[in-house]
Amino acid sequence: MAVLADKVAVVTGGSTGIGFATARAFRDEGATVFITGRRKDAVEAAAAELGASVTGVVCDASVPSELDAFYRIVRDRAGRIDVLVANAGVGIAAPFGEVTEELIDSVFATNVKGTIFTLQQALPLLSDSASVILTGSTAATRPNPGLEVYAASKAAVRALARGWALSARAHGFRVNVVSPGGTRTGGLLDLITPEMLEQAEAAVPLGRLAEPEEIAALTTFLASDASSYVNGAEFHADGGYAQV
Ligand SMILES: NC(=O)c1ccc[n+]([C@@H]2O[C@H](COP(=O)([O-])OP(=O)(O)OC[C@H]3O[C@@H](n4cnc5c(N)ncnc54)[C@H](OP(=O)(O)O)[C@@H]3O)[C@@H](O)[C@H]2O)c1
């Protein structure tokens with residue numbers, strides 16, 4: 001049986017990478033899905049590939065007014081949100097000593113401010129017992145050199161989930177974090193050199209990076225009613241990288 005049949009899902013940053021794989025997995029499990037991203041061509045291409053049950057909307061998660069406009073579209077077309085995946089995120093590397101104000105503002109604008117407003121602006125649309133899933137990172141607990149600012153932003157995501165989980169009763173949602181380890185997406189492959197990639201794979205107990213679909217499978221479990229009593233938790237899909 002399709003585990004997300006009749007559910008309405010939002011996946012921010014759903015045009016590529018982990019978000020795209022998540023939107024595809026949700027579609028395959030029967031959900032109606034809305035995806036976002038900043039680049040119009042990428043959003044349109046993703047929506048076209050995923051088919052009629054997936055709607056693509058250009059929306060920058062770091063701009064609250066754009067989120068409001070996006071949620072108006074969701075409200076008009078679907079009336080509610082059962083599953084919200086705040087996945088849009090950026091990683092920018094810089095050795096400590098070369099961190100700039102622009103880098104900090106850019107990373108925190110999407111990963112922290114964007115995550116906060118992605119949920120807050122969605123509150124009026126969330127259905128009873130909605131499942132909210134935030135994309136964290138193993139970087140929050142095991143940061144790589146040059147990614148300290150990114151790691152801090154993902155630690156903030158984990159802290160937000162802890163806080164929001166306490167308001168589960170008041171707001172009627174549950175919230176959890178999926179923290180991927182290194183995953184084969186454009187976002188990662190653009191960020192690190194081939195040598196770093198080799199080192200990263202060697203450091204994973206499973207001996208390889210994740211495929212986006214392996215992260216999407218975990219997110220699908222958290223989106224489904226099978227995880228109805230799971231709240232405030234963090235799940236790692238990292239081949240053991242940050243676990244042992
Ligand atoms: N790949 C990994 O190894 C890894 C590991 C741990 C955690 N993560 C996390 O997983 C999530 C997805 O990353 P990914 O690897 O799949 O990267 P990706 O392939 O670069 O995809 C990122 C997605 O987010 C969108 N996006 C970025 N900034 C946005 C913004 N301000 N508003 C709306 N959409 C935005 C991108 O589209 P536009 O650029 O067009 O906006 C794209 O759709 C991120 O939160 C990332 O930090 C990734």
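A residue is classed as buried if 20 or more other C-beta atoms lie within 10 Å of its own, as exposed if 12 or fewer do, and as partly exposed in between, with C-beta atoms placed from the backbone. The model is predicted, so local features need pLDDT of at least 70 and side-chain atom pairs count only at pLDDT 80 or more, whereas totals for chains, interfaces and linings use all residues. Residues are numbered from 1 along each chain as its sequence is written.

Helices (H or I, at least four residues) and strands (E, at least two) are DSSP runs, numbered from the N terminus. Eight of the eight residues of strand 6 are buried, so this strand is largely enclosed by the rest of the structure. Burial extends to both faces of strand 6, with F173, V175, V177 and S179 on one side and R174, N176, V178 and P180 on the other. Pairing of two strands requires at least two DSSP bridges between them. Strand 6 pairs with strand 5 in the parallel sense over six bridges, and I133 has N176 of strand 6 as its bridge partner. Strand 6 also pairs in the parallel sense with strand 7 (residues 234–237), over four bridges; here E234 of strand 7 is the bridge partner of V177.

The buried residues of helix 5 are V149, Y150, A151, S153, K154, V157, A161 and W164. These buried residues pack against helix 4, strand 5 (126–135) and strand 6 (173–180), contact being defined by C-beta atoms, placed from the backbone, that lie within 7 Å.

Terms used:
Two residues are in contact if their C-beta atoms, placed from the backbone, lie within 7 Å.
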